[in-house]
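Here is a friendly walk through one protein model, with the sequence and the structure side by side. Please keep both open as you read.

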Amino acid sequence: MSLISEIKCRFEDVLSHYHDDVAKLLDMLKPSQDEKFGDYQLNCAMALGKQLRRPPREVATEILEKVNLEGICEKMEVAGPGFINLTLDQRFVVAEVKKAIADNRLGVQAASEPKTVVIDFSSPNVAKPMHVGHIRSTVIGDSLCRVLRFLGHQVITDNHLGDWGTQFGMIIYGYKHFSNSEDYQTNPVPELSRIYRYVRRLMDYFEKQGQRPKLQNEHKALTLKLEELNSAEAKDAKEEKKQAKSIRSLRNKIAATESMTVALEEYFSLVQDDADFQLDVKEHQNIATAVLEETARLHEGDSENTSLWQQFMPHCLEEIQRIYSRLNIEFDHEFGESHYHSMLQGIVDEFKENHLAEESEGALCVFLDGFEAPMIIQKRDGAFLYSTTDLATIRFRMKTWDPVLVLYVVDHRQSDHFEKLFSAAKKWGYTEPRFFQVSFGTVMGEDGKPYKTRSGDTVGLEGLLDHAVEEAHRLVQGVNQKRKPEDQLSKDECFDVANVVGLGGLKYADLSQHRGSDYVFSYEKMLALKGDTAPYVQYSYARVHGIFRKGKFDPNQRTEELVSNLNLEAIAERALAIKLLRFEEALQEVLIEYKPNILTNYLFELSQQFAVFFEQCPVLKADTEQQKQSRFLLCDLTARTIEKGLSLLGIEVRKKM
């Protein structure tokens, strides 16, 4: 049961007599920040008092007189300027905890009206190894899937793979000109990755060559403008101030172009010494055009390029699947861009026929209200774009699954694209389902810039996982060596716990951040045994099972008689019990704005509350056998809630750490 939902139900009818938007008033019901104010606090009387032109305390008192909280609250009072403080009835708390103990779902109710939800997440480019940038979409999407499913919704996960387009034109071109057949036969994925990077390097070289004259012309134009401004005479003080500001701005722009020019020249100086690379530069001067031609041939069904694509794909998918297996992440479907290629022309034709798109400078564009630039669905040369594929994806998902909600777990830097996509879909007639971009920030390094290796390359995801497990193994070994010999973990157990702690720490560190924020990546912080980390929460679970081992308590033997003797006499017992009963509240709150950090915060606070209980309420040295058994049950419910909560984040636990 959701405590807050039950209380809201009791207030709903009463508050409907005061305001049309009852939901807005009910949203003001929150758990109290201080136990002296009860368990929950409703602060709507202040807003209603202003609206009704009556004293808020008077309104609050009137509301309490009308609402029926019998059986739920034992104390209701008006405090301060009009706060309504509510204290739960102890008998109600005990009864609900007993239900949760006896329930495999921990008292969490499944949705009475399940929704069909599609979640689009991860979506790597299969032509190259997954990198640190994929971690956020992958773990956020997976956790939202798990929470939605646990709450009873029908969830379809779709990994929209980048398995088509220019990146494969690059690999095909690279394979034809730069591949090492022996390396490819021995270990195909690293070789495909190498030739992809090499083609990218050559294309970047020519792109930088094109920047040289542009920078020179820009520098010349800015310098001339600065000379003109310096020689111009201002008419008055106001114009002189404006002129000085323009001069400063121009000098900054000139300095920026000079800095970019220096960086370019340093780059050309470095690559000039690479004789093999310079040879390829001379032989492949039209590489950018050639790559586009290879891509076009693939899209047109050229037998050679199609055969190569079909040959490369299993290797690429196998590599990506290995990462997903380590992260314990599965997808219902993996319909990549190639799946939609045959549908694109039909989408374009439909937009033209229904006058939803029009030509502009040779391209076919969808003009949308509220956007300065249109959404292009076909370029002048006839090529399609990501927007075309995404429209085809919407059509396919609607016809196949008929969802009421589609979540796109995508980097915030793509927000403009998705705002246009959703607007175009609405114009197309898809007012339902509700499309929502679950956007997220960037993983940053200690230097405050996107997390990269020392050489400046994007950090590979597999290397990230390996290092997290290695760091965790050092931590586990350090803790293990301090134990008595009989309590120490075996070598295999140490490796197993390190894997669970390392990968769990990596996921939790990401999920515990507000998804819209950037965050600084730190192995030290993510694997800390204290604070808001996975190891801290995981250790709380292991600590419970340590108590069970010492007390010889079997948590599988939760008999009716044992549960009936539960009591919550101590303050810390009651506080822990109420925190446990708020599990469903936390899960429901996650789905309000699709923020997994709500759940991590709940699990951290639950672990903290358990630590207080553990300190203040001895379990093994309880005053009576009945009290000990009662506290065993409370420990058990805590462990089960932590285990379930972490599992909904895709994180495992172990009974010994």
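Is Gln 278 buried or exposed? In this predicted model, Gln 278 has a relative accessible area of 12%, and because the cut-off for buried is under 20%, Gln 278 counts as buried. You will find Gln 278 in helix H11, which covers residues 275-283. If you set aside the neighbours within four places in sequence, Gln 278 is in contact with Tyr 205, Val 271 and Gln 272.

In soluble globular proteins, nonpolar side chains tend to be buried together. Here the largest nonpolar core holds 170 residues, and the members that touch the most other members are Phe 11, Ile 63, Leu 86, Leu 88, Val 97, Ile 119 and Leu 599. Helix H9, residues 188-231, gives the most to this core, with ten residues.

Now for the strands. Strand S10, residues 405-411, is mostly covered, with seven of its seven residues buried. S10 pairs in the parallel sense with strand S5, residues 116-120, and also with strand S11, residues 434-440. To get from S10 to S11, the chain passes through helix H17, residues 415-428, and this β-α-β crossover is right-handed.

Elsewhere, S7, S8 and S9 make an open sheet of three strands in the order S7-S8-S9, with antiparallel pairing. Strand S7 (358-360) and strand S9 (375-378) are its edge strands, so each pairs on one side only. Neighbouring strands of this sheet are turned by 50° against each other on average, direction ignored.

| Strand pair | Sense | Bridges | Residues standing opposite |
|---|---|---|---|
| S5 and S10 | parallel | four bridges | Val 118 and Val 406 |
| S10 and S11 | parallel | seven bridges | Leu 405 and Arg 434 |
| S8 and S9 | antiparallel | three bridges | Val 366 and Met 375 |

When you look along these strands, keep one general point in mind: in a regular strand the side chains alternate between the two faces of the sheet.

Technical notes. Residues are numbered from 1 along each chain as its sequence is written. This is a predicted model: local features need pLDDT of at least 70, side-chain atom pairs count only at pLDDT 80 or more; totals for chains, interfaces and linings use all residues. Side-chain values use heavy atoms; hydrogens and water are left out. Buried means under 20% relative accessible area, exposed over 50%, partly exposed in between (1.4 Å probe, protein chains only). Helices (H or I, at least four residues) and strands (E, at least two) are DSSP runs, numbered from the N terminus. Two strands pair if DSSP finds at least two bridges between them. A crossover is right-handed if, with the strands pointing away from the viewer, the path from the first strand over the helix to the second runs clockwise. Contact means heavy atoms within 4.5 Å. A nonpolar core is a set of buried Ala, Val, Leu, Ile, Met, Phe, Trp, Tyr and Cys residues joined through side-chain atoms within 4.5 Å. Axes are lines fitted to C-alpha atoms, for helices over the stretch in contact, and angles run from 0 to 180 degrees between N-to-C directions.
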